[in-house]
Amino acid sequence: MRVLAFEALRAVDERDAYANLVLPPLLRKAREDGGFDARDAALATELVYGTLRWQGTYDEIVAECVDRPLREVDPPVLDVLSLGAHQLLGTRIPTHAAVSATVELARVVLGDGRAKFVNAVLRKIAADDLDGWLRRVAPPYDEDPEAHLGVMHAHPRWVVSALWDALGGGRAGIEDLLAADNERPEVTLVARPGRSGADELLAAAGEDRALPGRWSPYAVRLVDGGEPGALDAVREGRAGVQDEGSQLVAMALANAPVEGADARWLDGCAGPGGKAALLAALAAQRGATLLAAEKQPHRARLVARALAGNPGPYQVVTADGTRPVWRPGSFDRVLVDVPCTGLGALRRRPEARWRRRPADLEGFAPLQRGLLREALAAARVGGVVAYVTCSPHLAETRAVVDDVLKSAGGAEWIDARPLLPDVPGLGDGPDVQLWPHLHGTDAMYLALLRRTG
């Protein structure tokens, strides 16, 4: 299982792959080859995700235990050392077992010479526990709060600063948020209205394995991680896997008041299709039609698969939301879930925190503004637009909306908070920012706008 974990880490490092895409096929192949049970899969998953989550902090610790700059350590060696560090500092694996198993892994994938180096470094790491190492490598809070919290909670300094700015408040709130980013997220299902219900999913999963969603009437949480594909409704496409925050923003758009007709809905950035599937189901209940547009052909195919079997009319097109193929003013409701840094989903993609750079914001900014401008143009007067992003970074949220409203005009804010009833901690509005530590969701942002002219 450690070889499998190493292969996953190398794929993430070498190909910029995401663990949630790389790991499942590796686990499936290991099961098919035999001798790999559920416990092995669980440990391999923990080794991969735990190592990626704490990578930056483990780098600081490893740097204290080697006699050269970390950049001079070959990446495969560093991956093995990080795997060993996680076993020693982040799991209950006994010290001797963690060291011996990791050294054996090094012999297999690196050779005997490098295995000796790995053994020497791991024995230094094993001399203290995680708390002790953190006291040694984290800068004092009073001297550099962001750097201190970054090492203590395994986030890059710039990410800590950005999240703290978006969250506001004192030290306790940001520490709770960073800690929540390091927790394993629940698997959350969505029952697609008219095709399945939360009660069906709860019954199928079993009362000991599932709980209702916290906020969405369509959500069901699998408390033990569970295997969604084991449920008939998921296999048949009548339900899917979807974070509750994603459900809430789609529901808010569907429930926002519109003036006049309510027959044509648009999802302008529909891939991979989760929000589009929920919107299509809600539209069908009202006799409305959804047009789901996605620029990338392979993602458009995922959208079509997600919407297959929807009881009402819909259409999936491969189209760029910044160069629309539809007529202006054609839609009553428009969703634009824009590409972003993904800082709101660090629980699910822990490697993203180390991969992203502040410069990425500049790359996304023109696209985000362009998509929102075209979304407003696609809505008819009196229609509603939802600007959504899975990032709480202020440069990707309110700054985008403010800029577009100033330059484009013809739209006004709608207070989104009443459209998320019973959800606490939604701030002063009119937009909404969800948080992992407050709501148990990804950090989804929602701004609702009405087209006025």
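My notes cover a few strands and then a cysteine pair.

Entry 1, the model. I'm working with a predicted model here, so I keep that in mind throughout.

I started with β3, which runs over residues 219-222. Which way do its side chains point? A219 and R221 go one way, while V220 and L222 go the other way. I checked burial too, and all four of these residues are buried.

Entry 3, partners of β3. I looked for strands that pair with β3 and noted β1, residues 187-191, which pairs with β3 in the antiparallel sense over 4 bridges. Strand β2, residues 210-212, also pairs with β3 in the antiparallel sense, over 3 bridges. I then looked up V220 in β3: L189 stands opposite V220, and V220 is also the bridge partner of P212. Between β2 and β3 I found 6 residues, and the two strands form a hairpin.

How many disulfides does the structure hold? I found 0. A disulfide would be a covalent bond between the sulfur atoms of two cysteines, so I went to look at a pair.

My cut-off is 2.5 Å between the sulfur atoms. Starting from C390, I get C340 as the closest, again at 5.8 Å. Are they buried or exposed? C340 is buried, with a relative accessible area of 12%, and C390 counts as buried at 14%.

Terms used. Residues numbered from 1 in each chain as written. Predicted model: local features only at pLDDT ≥ 70, side-chain atom pairs only at ≥ 80, totals over all residues. Heavy atoms only, no water. Buried < 20%, exposed > 50% of the residue type's maximum accessible area, 1.4 Å probe, protein only. Pairing = 2+ DSSP bridges.
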